[in-house]
Amino acid sequence: MSEPKINENRRGLIKDITSLANPDIKAAKALTLKKNRVAEKRFLAEGAKLAIDALDAGWDVETLFVARNMMDEPHVSKLAMRAVNAGALLLKVPEKAIANITRRDNPQAVVSIIKERLSALDTLGPLAASDTIIALDRVRDPGNLGTIIRTADAAGIKGVVLVGDCVDVFSLETVRATMGSLFAVPIVKATPEALFAFAKTNNAQIIGTHLAGAKDYRALGYKTKSTIILMGNEQSGLPDALAAQCHELALIPQMGKADSLNLAVASALMIYEARRHLLAVA
C-alpha cells in the first residue's frame, strides 16, 4: 500500500477538517517517517515560532495545520492569514489531529509542512579569513544536531556541513531542537573528499577534534585563515583517516572523571573559540 501524498493543487485555500481519517492528516503523519520525507522533499515543523521563522527566511510553507480551538488567539490568527497570503493551504483541525500528526501527547497548536532546502557546498565559498564552517562526521543524535545548528547560528557560522551518514536534519526532533535556526544557517551534505577539496580550493584550515597528537583548542590560530571545524561521531569520535587530513588537531582539556564531552557542548566550545575574536559585547 502506497503512502498518502501531499496535494499541491490547493495552495492559498482555507479548509475545515473534522475527521482524523482525513487524507491531509494522513499525508502529514506520513512525514514523520524519513523515507516519506526523502520521497516528498518536505518535512514537519511543530509550533507557531518555527512557521514564522520559516516564512521570515523565505522558505516555502506549503500547509499549516492549526488547532481549531486556538484560531481566535491573535498570534495564531495572524500567522494563519500570513501563511495563506504566502500561498499556504490552511487547515483548521481538531486539537487531537495535531497530536495525531506529531505523535506527541501535548503538542503545540500549529504544525506546518515545509519544503526542504539544502545548500550546495560550493555556495559557501569563496571563504574570507573571518569565515568559519562546522562539519559533523556521522552525527547520530537529533538533539545534538539541532543544538549545534542553533549554536552555529548564534555565533555567525557560515554553514553546517553534514559528512557521511548523519541523522536526518529534517526530522521533527532535529527541527524542534534548532529553535528556528534551521532556516537561518545553510545546511550542506558532503562526502569527506568533497569537504577536503573545498577546503583546499578556499585555502581554509581544517581543525579536527582528536585525542592523539592534539593541542589545546585555545592555543590554535583562528584569526588569519578561514576555518573548518571538523567534529567526530558521538560514540567513536573522529576516525583516524579523517584526522590525518586535518591541518591541526584540537583537544578540549578535562580534569573530572567524565571520559568525554557531549558533542553539542564540545562543538559549542570549538565554535565560540574560533569566533571569539569576532564576537564583541556592545
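## Basis of the description

The model is predicted, so local features need pLDDT of at least 70 and side-chain atom pairs count only at pLDDT 80 or more, while totals for chains, interfaces and linings use all residues. Residues are numbered from 1 along each chain as its sequence is written, and side-chain values use heavy atoms, with hydrogens and water left out.

## The five-stranded sheet

Helices (H or I, at least four residues) and strands (E, at least two) are DSSP runs, numbered from the N terminus. Two strands pair if DSSP finds at least two bridges between them. Five strands form an open sheet with mixed pairing, in the order β1-β4-β3-β5-β2. At its edges are β1 (14-16) and β2 (42-46), each of which pairs on one side only. On average, neighbouring strands of this sheet are turned by 20 degrees against each other, direction ignored. Angles run from 0 to 180 degrees between N-to-C directions, and axes are lines fitted to C-alpha atoms, for helices over the stretch in contact.

Within this sheet, five bridges connect β3 with strand β4 (residues 89-93), and the pairing is parallel. Phe65 has Leu91 in β4 as its bridge partner. Helix α1 (residues 23-30) packs on the sheet and touches β1, β2, β3, β4 and β5 (110-115). Contact here means heavy atoms within 4.5 Å. The direction of α1 makes about 110 degrees with that of β3. Helix α4 also packs on the sheet, touching β1, β3, β4 and β5, and its direction makes about 155 degrees with that of β3.

## Strands that pair with β12

Strand β12 (residues 248-251) runs parallel to strand β9 (residues 205-209), and three bridges join the two. Opposite Thr209 stands Ala250 in β12.

Strand β10 (residues 215-216) also pairs with β12 in the parallel sense, over two bridges. Here Lys215 stands opposite Ala250.

## Salt bridges

A salt bridge is a side-chain nitrogen of Lys or Arg within 4 Å of a carboxyl oxygen of Asp or Glu. The structure holds 16 of them. One joins Asp16 to Arg68, with the closest N and O atoms 3.2 Å apart. Asp16 lies in strand β1 and Arg68 in the loop between β3 and α4, so this pair ties together parts that are 52 residues apart in sequence. Asp16 also forms a salt bridge with Lys92, where the closest N and O atoms are 3.8 Å apart. That pair links strand β4, which holds Lys92, to strand β1, which holds Asp16, across 76 residues. Relative accessible area decides the next terms: buried means under 20%, exposed over 50%, and partly exposed in between (1.4 Å probe, protein chains only). Arg68 is partly exposed at 33%, and Lys92 is partly exposed at 21%.

Arg82 and Asp56 meet through their side chains in a salt bridge of 2.7 Å, N to O. Arg82 is in helix α4 and Asp56 in helix α3 (residues 48-56), 26 residues apart. Arg82 counts as partly exposed at 34% relative accessibility, whereas Asp56 is exposed at 52%. Salt bridges that share partners join Asp16, Arg68 and Lys92 into one network.

## Cysteines

A disulfide is a covalent bond between the sulfur atoms of two cysteines. For this search, a disulfide is a pair of cysteine sulfur atoms within 2.5 Å. Zero disulfides are found in the whole structure. Cys246 is in no disulfide, its nearest cysteine sulfur being that of Cys166.

Cys166 is buried, with a relative accessible area of 11%. Cys246 also counts as buried, at 13% relative accessibility.

## Met70

Met70 lies in the loop between β3 (61-67) and α4 (74-85). Its relative accessible area is 25%, which makes Met70 partly exposed. Leaving out residues up to four places away in sequence, Met70 touches Val76 and Ala109. The C-alpha atoms of Met70 and Glu95 are separated by 8.7 Å, although the two residues are 25 residues apart along the chain.
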